[in-house]
Amino acid sequence: MGYPTLFQSLVVISSLAPLSTAAYPEISDDRCDCYLTNGSSSNYFTTHKFFDFRDKADYAGVPAIIGDVDASIQADPTSDYFSSDEWTEYWDLQSWNNSAALSSSVSDASVFMAHSANNVYIEKNQDENADSTTYLTMRTARLDDFQTACEFESSIHNYQYLSVRMYARTIGAPGAVTAMFTYRDIGDTSDLTAVQESDLEIRTLDPPNSVQYTNQPSYTSMGLDVQEATRNVTIPNERDWTNWAVYRMDWSPGKTTWYIDGDEVASISFQAPRDPSMLIFNSWSDGGSWTGNMSVGSEAELQVQWIELVYNTTGSSEKRSDTPGHIMTREEEEKRDEGSCYNICSIDQREQTGTTTLLQGSASRAIISWIVILCLALFAW
C-alpha cells in the first residue's frame with residue numbers, strides 16, 4: 001500500500017525538477033533554437049555571441065600614442081588579433097574625425113578629434129588578485145594639436161532588438177566619455193527627427209558613481225534639453241565606474257532598459273529606437289560641453305574583459321509578429337511557423353560566464369523522463 005504513495009511523491013518531485021539548478025544544464029549554442037533573457041525586459045532572441053578578451057596574452061602590449069594626426073588616423077591595428085576573423089567578422093575599427101562637427105553650428109565641439117586603430121589594444125591585467133590575464137582597452141588622450149580617440153562598430157547594421165552586456169570599467173582624467181550604444185545610420189545627423197539611438201555613457205567629469213542613459217535625441221533643434229529622453233543614475237551598492245561591473249542594455253520593442261550587475265537601473269520608453277541599427281563602443285572627447293575639455297597630456301580608458309549579446313536581425317522578409325512593434329526576422333518566422341523553437345536557452349541562468357544553459361527543451365524533458373522511469377522501477381519493485 002505504501003508504493004503508490006511513494007510513486008505519487010516521486011512524480012511530484014519530478015514535476016518540480018525543471019525549476020531546480022539541475023534543470024539548467026550547460027548546452028552548446030548549436031543546440032539552442034532561441035534565447036530567453038530575464039528581468040522586466042525579458043525577450044526571445046535567435047542568436048548568441050560571446051567575445052572574450054580575458055586570455056589573450058599573446059596579443060598584449062600597450063602601443064605608444066601617435067602624435068601626428070595623419071599617422072594616427074592611418075595607423076594599423078595594434079596586434080594580429082584585430083586582423084583575425086574572430087574580430088573582423090563582427091567588428092570594424094573606425095578612423096573618422098569630427099571636422100564636420102567643428103564647422104557646424106549644431107555642435108559646440110572645440111577640439112579636433114580623430115579616431116585611431118592605435119587606441120584599441122589588448123592589455124595585461126595587472127590588478128591585485130586579477131580575475132583575468134588580459135582585457136581590451138579603448139583609449140582617448142589629449143595632445144597639443146588634437147584629441148586622439150577610438151571607436152569600433154558592429155559589422156551587423158540590421159540588429160532588430162538585442163540584449164548586450166559588457167564586463168568593463170572606466171578609468172582616467174576628467175573630460176572624456178566612454179560608451180556602448182545602438183545607432184541607426186541616417187547619414188544626415190542634423191535631422192534630429194530621424195535620430196534613433198540608445199546610449200550608455202560614462203562621463204569622467206561626472207562623479208564616479210554616476211552613469212547617463214539616453215534615447216536620443218536629448219535636445220531639440222533650438223538647443224533645449226529633452227528631459228523625457230534621459231536618466232542620470234547612481235550606481236547601486238556604493239560602487240563606481242572605476243570598478244569592474246557588468247553593464248547590460250536591452251533594446252526591446254517600445255523601450256530600452258539598462259542594468260548594472262543584474263540590478264535594473266533605468267528604463268526609457270520615450271523615443272525608443274524602432275528600426276534596424278548597429279552597435280557601437282567608443283572612448284572620446286571633443287572639448288564640448290557634453291564631454292568637457294581634457295587637459296593636454298591626460299587620457300582616459302574604457303577597459304573591457306568581455307562582450308556578450310543575444311539578438312535578432314531583420315531579413316529580406318519583414319513580417320510583423322504577434323508582439324506589437326516587433327519585426328520578425330526570416331529565421332524567427334521560420335522557427336515559429338515550424339514550431340522549432342524547442343530548445344529555449346539562457347545566458348542569465350548559469351554559473352560560468354560565456355556559457356549557455358537550457359531552460360526548456362529536450363534535455364530538461366530527459367531529466368523528467370529519467371525520474372519517471374526511476375519511479376516506475378521503484379513502484380514495480
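Reply: The secondary structure of the protein chain amounts to six helices and 22 strands. The model is a predicted one, with a mean pLDDT of 86 for the protein chain and 81% of its residues at 70 or more. Two stretches call for caution. Over residues 1-21 the pLDDT is below 50, and this stretch has 22 contacts in the model beyond near neighbours in sequence. Over residues 367-373 the pLDDT is likewise below 50, with nine contacts counted in the same way. Where pLDDT is low, predicted coordinates should not be read in detail.

The part requested is an open sheet of four strands, in the order β2-β1-β21-β22 and with mixed pairing. Its edges are formed by β2 (44-45) and β22 (357-360); each has a single partner strand, so one side of each is left without a neighbour in the sheet. In general, strands of a sheet pair through backbone hydrogen bonds, in either a parallel or an antiparallel sense.

Asn-343 is found in the loop between α5 (330-338) and β21. Its relative accessibility is 7%, below the 20% cut-off, and therefore Asn-343 counts as buried. The side chain of Asn-343 reaches the backbone oxygen of Arg-31 at 2.8 Å.

The largest nonpolar core holds 50 residues, of which Met-166, Tyr-247, Phe-281 and Ile-307 touch the most other members. Leaving aside neighbours within four places in sequence, Tyr-247 is in contact with several residues, among them Val-164, Met-166, Met-180, Leu-200, Trp-241 and Tyr-259. The contacts of Tyr-247 also include Arg-165. A second, separate core of nine residues includes Ala-149, Val-177, Ala-179 and Trp-284. In soluble globular proteins, nonpolar side chains tend to be buried together.

Some backbone details elsewhere in the chain complete the account. A cis peptide bond joins Gln-216 and Pro-217, with omega of about 5 degrees; Pro-217 lies in the loop between β12 (210-216) and β13 (230-234). Two residues other than glycine have a positive phi: Asn-129, near 55 degrees, and Tyr-161, near 85 degrees. Asn-129 is found in the loop between β6 (120-124) and β7 (134-142), where a relative accessibility of 72% means that Asn-129 counts as exposed. Tyr-161, by contrast, is placed in strand β9 (residues 159-172), and at 4% relative accessibility Tyr-161 counts as buried.

Technical notes:
Residues are numbered from 1 along each chain as its sequence is written. This is a predicted model: local features need pLDDT of at least 70, side-chain atom pairs count only at pLDDT 80 or more; totals for chains, interfaces and linings use all residues. Side-chain values use heavy atoms; hydrogens and water are left out. pLDDT is the predictor's confidence in each residue, from 0 to 100. Contact means heavy atoms within 4.5 Å. Two strands pair if DSSP finds at least two bridges between them. Helices (H or I, at least four residues) and strands (E, at least two) are DSSP runs, numbered from the N terminus. Buried means under 20% relative accessible area, exposed over 50%, partly exposed in between (1.4 Å probe, protein chains only). A polar contact is a pair of N or O atoms within 3.5 Å; within protein, one must be able to donate a hydrogen and the other to accept it, and residues adjacent in sequence count only if both atoms are side-chain atoms. A nonpolar core is a set of buried Ala, Val, Leu, Ile, Met, Phe, Trp, Tyr and Cys residues joined through side-chain atoms within 4.5 Å.
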